[in-house]
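Dear colleague,

I am passing on the structure below, followed by some notes on what turned up when I went through it. Please read the notes with the coordinates open beside you.

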Amino acid sequence: MKNRLFKNLICIMLTVLLAFGTTATAFAQDEIILPEETTTEQPPTQEPTTPEEPTEPADPEEDVTDENEIVAKVSLFSAMYVFPVSSHCWIYVENLTDSPMTVGIYEVPVGQGVSVGVFSFSVNDGWGIYYNLEAFRENRNDNIDGCWSITLDFTRSELEELSSSIKNYPNMWEMFIFNCTFFALSIWNHNTNYFLLPFFIPALPWLEVIIAGGKKGEAQMYYPTSDQVYKQRGTGDSAYLEPVGEKTLSK
């Protein structure tokens with residue numbers, strides 16, 4: 001009887017354990033598993049951009065030098081001192097712009113001009129090309145009104161050619177070819193359409209200027225100071241200016 005009771009207790013206990021295990025297993029299997037939280041990566045936001053304003057095309061004529069602009073008055077001067085043996089011819093350039101300009105190798109200040117001519121026996125600083133010597137002497141001697149001249153307007157490009165012709169001219173004096181009249185007339189002829197025969201006898205170019213319509217005392221020359229009178233040394237790109245001495249100025 002006891003054994004049967006004992007067996008019955010064991011069976012009851014096993015039944016209870018089996019029932020409890022089945023329930024736990026079912027509960028475990030029925031556990032709700034929540035899905036992991038996922039985030040969707042959003043593309044970075046871009047701030048609205050303002051379209052650039054179109055730039056205006058550069059004006060092709062802006063800051064471009066006008067080669068046809070009148071920048072100077074160029075005169076061919078001739079003066080007769082003792083007919084027919086003593087006379088002189090030279091070139092004079094007046095600056096009409098509001099900035100300095102180069103004539104030969106001399107820089108002409110605003111509101112001024114420069115005379116350019118060839119000298120020999122009447123100077124003490126060597127034969128050849130001088131700047132402002134005629135302008136200095138003719139003004140000092142009050143002889144401007146006795147000079148004959150032809151005057152033309154020059155553009156910027158024409159002035160540059162004239163300046164190059166002076167700078168590259170043979171810096172010398174010779175009685176029959178490279179004298180003052182040949183210098184002045186050859187520079188004039190090379191840079192204008194106003195051709196005059198370059199006679200080496202000074203009296204003949206003086207007559208040519210008169211016949212060609214030159215005016216007496218009409219063109220004036222700026223009166224330079226003594227420290228604005230120079231002798232050109234050398235020619236071309238190697239040329240330079242040297243102030244003249246007192247003996248040249250006083251003649």
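I started from Tyr240, which lies in strand β10; please keep in mind throughout that the model is predicted. Leaving aside residues up to four places away in sequence, Tyr240 touches Ile105, Lys231, Gln232 and Arg233.

As for the strands around it, Tyr240 in β10 is the bridge partner of Arg233, and β9 (residues 230-233) pairs with β10 (residues 240-243) in the antiparallel sense over four bridges. The hairpin that these two strands form has six residues between them, and Gly234 there takes a positive phi near 80°. β9 also pairs with strand β6 (residues 128-131), again in the antiparallel sense but over two bridges, and here Lys231 of β9 is the bridge partner of Tyr130.

Turning to the helices, the axes of α3 (residues 156-167) and α4 (residues 180-191) come within 10 Å and cross at roughly 145°, in a crossing that is right-handed. On the α3 side the contact involves Glu158, Glu161, Leu162, Ser165 and Ile166, which meet Ile187, His190 and Asn191 of α4. Sorted by class, this contact has three nonpolar, three polar and two charged residues.

Notes
Residues are numbered from 1 along each chain as its sequence is written. This is a predicted model: local features need pLDDT of at least 70, side-chain atom pairs count only at pLDDT 80 or more; totals for chains, interfaces and linings use all residues. Side-chain values use heavy atoms; hydrogens and water are left out. Axes are lines fitted to C-alpha atoms, for helices over the stretch in contact, and angles run from 0 to 180 degrees between N-to-C directions. A crossing is left-handed if the near helix is turned anticlockwise from the far one by less than a right angle, and right-handed if clockwise. Contact means heavy atoms within 4.5 Å. Ala, Val, Leu, Ile, Met, Phe, Trp, Tyr, Cys and Pro count as nonpolar, Asp, Glu, Lys and Arg as charged, and the others, Gly among them, as polar. Two strands pair if DSSP finds at least two bridges between them.
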